[in-house]
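Open the model in your viewer and keep the sequence panel beside it. The stops below say what to select next and what is there.

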Amino acid sequence: MERSTIEARLADLRREFDGGQKLLRELESKQMEVRDTLLRIGGAMQVLEELLAGELDKKPGAS
């Protein structure tokens, strides 16, 4: 193989590698955002479930 061919291929691979790393960072960031959102939603669900459970306990005839 000619040196110029190898250097061109190496440059292509470096660009691909850099692009892949950038995409991975973006996906990891998005994953953290989704995880945080799910934690907030889960917390809100728990509060509402506890409120409902408290309302059921207050009803006459509840054990």
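**Stop 1: the aspartate 12 pair**

Select aspartate 12: its relative accessibility is 31%, so this residue counts as partly exposed (buried is under 20% relative accessible area, exposed is over 50%, and partly exposed is in between, with a 1.4 Å probe and protein chains only). This is a predicted model, in which local features need pLDDT of at least 70 and side-chain atom pairs count only at pLDDT 80 or more, while totals for chains, interfaces and linings use all residues. Residues are numbered from 1 along each chain as its sequence is written, and side-chain values use heavy atoms, with hydrogens and water left out.

A salt bridge here is a side-chain nitrogen of Lys or Arg within 4 Å of a carboxyl oxygen of Asp or Glu. Side chains of opposite charge can pair when their charged atoms come close. Both arginine 15 and aspartate 12 belong to helix 1 and are three residues apart, about one turn of the helix. Arginine 15 has a relative accessible area of 53% and is therefore exposed.

**Stop 2: two further salt bridges**

Select arginine 3 and glutamate 7 next. Their side chains form a salt bridge with an N to O distance of 3.0 Å. The two residues sit four apart in helix 1, about one turn of the helix. Arginine 3 is exposed, at a relative accessible area of 65%, whereas glutamate 7 is partly exposed, at 42% relative accessibility.

Then go to lysine 22 and glutamate 26. In this salt bridge the closest N and O atoms are 3.7 Å apart. Lysine 22 and glutamate 26 are also both in helix 1, four residues apart, about one turn of the helix. Lysine 22 has 48% relative accessibility and counts as partly exposed; glutamate 26 counts as partly exposed too, at 43%.

**Stop 3: the nonpolar patch**

Which residues make the nonpolar surface patch of about 370 Å²? Select Val34, Leu38, Ile41 and Met45. Patches are made of residues with over 30% relative accessible area and no salt bridge, where like charges are joined within 9 Å and nonpolar side chains (Val, Leu, Ile, Met, Phe, Trp, Tyr) within 5 Å. The accessible areas come from the Shrake-Rupley method with a 1.4 Å probe, and for residues only the protein chains shown count as cover. Valine 34 lies in helix 1 and is partly exposed, with a relative accessible area of 40%.

**Stop 4: distances along helix 1**

Leucine 13 is part of helix 1, which covers residues 3–58. At 40% relative accessibility, leucine 13 is partly exposed. Draw a C-alpha to C-alpha distance from leucine 13 to glutamate 28: the residues are 15 apart in sequence and 22 Å apart in space.

Move on to threonine 37, also found in helix 1. Threonine 37 is partly exposed, at 32% relative accessibility. Its C-alpha lies 30 Å from that of aspartate 57, with 20 residues as the separation in sequence.

Finish with leucine 56, again in helix 1. Leucine 56 is exposed, with a relative accessible area of 53%. From leucine 56 to glutamine 31 the C-alpha distance is 37 Å, and the two are 25 residues apart in sequence.

**Stop 5: the whole chain**

Zoom out and show the chain as a cartoon. The chain has one helix and zero strands (DSSP runs numbered from the N terminus: H or I of at least four residues for helices, E of at least two for strands). The radius of gyration is 27 Å, well over the 11 Å that the globule rule gives for 63 residues, so the chain is more spread out than a compact globule. That radius is taken over C-alpha atoms, and the globule rule is 2.2 Å times the number of residues to the power 0.38. The C-alpha trace spans about 90 × 15 × 5 Å along its principal axes.

Switch to a surface view. Buried residues make up 0% of the 63 residues in the chain.
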